[in-house]
Amino acid sequence: MEKTECENNKKEIYIESAKLCMKQNYFNFRNKTYKVTQGTNMGNPLSPLIAELFMSEFEMSLKQQNILPRVWIRYVDDVVAVVKNENIMEILETLNCQYESIKFTYEKEENGRLPFLDLELQRVGNKIEFGIFHKPTSTKRTITSDSNCPIQHKLAAYHSMAHRLVRLPLSITNYKNEYEYIKETANLNGFSVEVVDKIIYQHAKKVKKWNLSTLFAQNIEKDTRQRVSMVFAPQITNKLKKVFSEHDLDIVHRSDQKLSNLLGSTKDKIPNLEKSGIYSVQCGDCGKTYYGQTRRSVQERFKEHIQCIRLN
């Protein structure tokens with residue numbers, strides 16, 4: 001009994017703590033303060049967890065009401081469901097009636113194909129095969145081979161595509177189609193087929209090795225090397241790389257040419273007089289300077305100084 005009461009107290013503490021954190025949903029825009037009244041606040045670390053808990057509860061409620069479709073597979077806010085064509089609008093209306101703030105939309109399969117995340121589900125007879133989905137607006141553009149940036153950054157997109165290629169259960173036809181897509185993308189951006197084949201071979205070899213034995217997972221040693229971030233400058237960083245490596249340091253390249261740096265901050269700037277910090281006041285008679293520090297706004301502190309002078 002004591003254990004139950006203790007667990008109940010913990011639940012209440014967790015719930016109240018979560019409520020307190022989720023109430024931190026105010027933001028400023030153009031000298032005005034706003035409050036988020038619906039949904040979770042963007043940037044709040046608890047928002048993904050709360051959203052996932054809510055959707056889980058939402059699905060359990062649908063299941064208890066016998067409304068949830070027989071096949072319902074969800075990833076975050078994307079759902080794959082199997083329903084009869086004549087029941088689609090009825091089920092959609094039922095789902096949208098549960099909460100005013102939640103509205104579902106749907107996309108039907110066309111010619112036996114349905115995109116889901118970066119996959120394309122293909123109905124072949126009584127089986128479902130997987131392919132890679134690419135948006136029709138895709139331009140196949142990545143960082144070109146002649147760009148002035150580290151080679152690791154240039155090949156990162158191809159490592160990602162190769163990782164997906166060898167790990168997804170693709171059919172032979174879909175595997176070949178995706179392989180051709182990767183080759184075309186590489187050729188468009190100035191990379192040879194040999195580069196693509198080498199990357200795919202590396203990822204395929206790693207998958208094969210892990211599938212053959214669990215011994216490799218046991219022999220992994222903890223990486224004690226540290227990373228040092230530097231701006232990419234080939235004439236300097238390439239020479240430093242070898243020296244740093246001798247001291248268990250790896251150079252990680254970064255770029256200062258970021259879009260955020262070019263566009264500036266999207267937040268409203270706080271006027272200097274409304275900030276706190278260290279300030280100076282120069283006397284108009286003797287030329288001496290007074291330095292002060294305040295936790296409140298500077299203009300509030302100035303008012304106090306003026307009041308002190310007025311009251312002598």
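The structure is a predicted model, in which local features need pLDDT of at least 70 and side-chain atom pairs count only at pLDDT 80 or more, whereas totals for chains, interfaces and linings use all residues. Residues are numbered from 1 along each chain as its sequence is written, and side-chain values use heavy atoms, with hydrogens and water left out.

The protein comprises 10 helices and 11 strands, assigned as DSSP runs (H or I, at least four residues, for helices; E, at least two, for strands) and numbered from the N terminus. The radius of gyration, taken over C-alpha atoms, is compared with a globule rule of 2.2 Å times the number of residues to the power 0.38. Because the radius of gyration is 30 Å, well over the 20 Å given by that rule for 312 residues, the protein is more spread out than a compact globule. The C-alpha trace spans about 95 × 65 × 50 Å along the principal axes, and buried residues make up 22% of the 312 residues.

With a relative accessibility of 15%, Ser-297 counts as buried. When residues up to four places away in sequence are not counted, Ser-297 touches Leu-273, Glu-274 and Lys-275, a contact being defined by heavy atoms within 4.5 Å.

Note on methods
Buried < 20%, exposed > 50% of the residue type's maximum accessible area, 1.4 Å probe, protein only.
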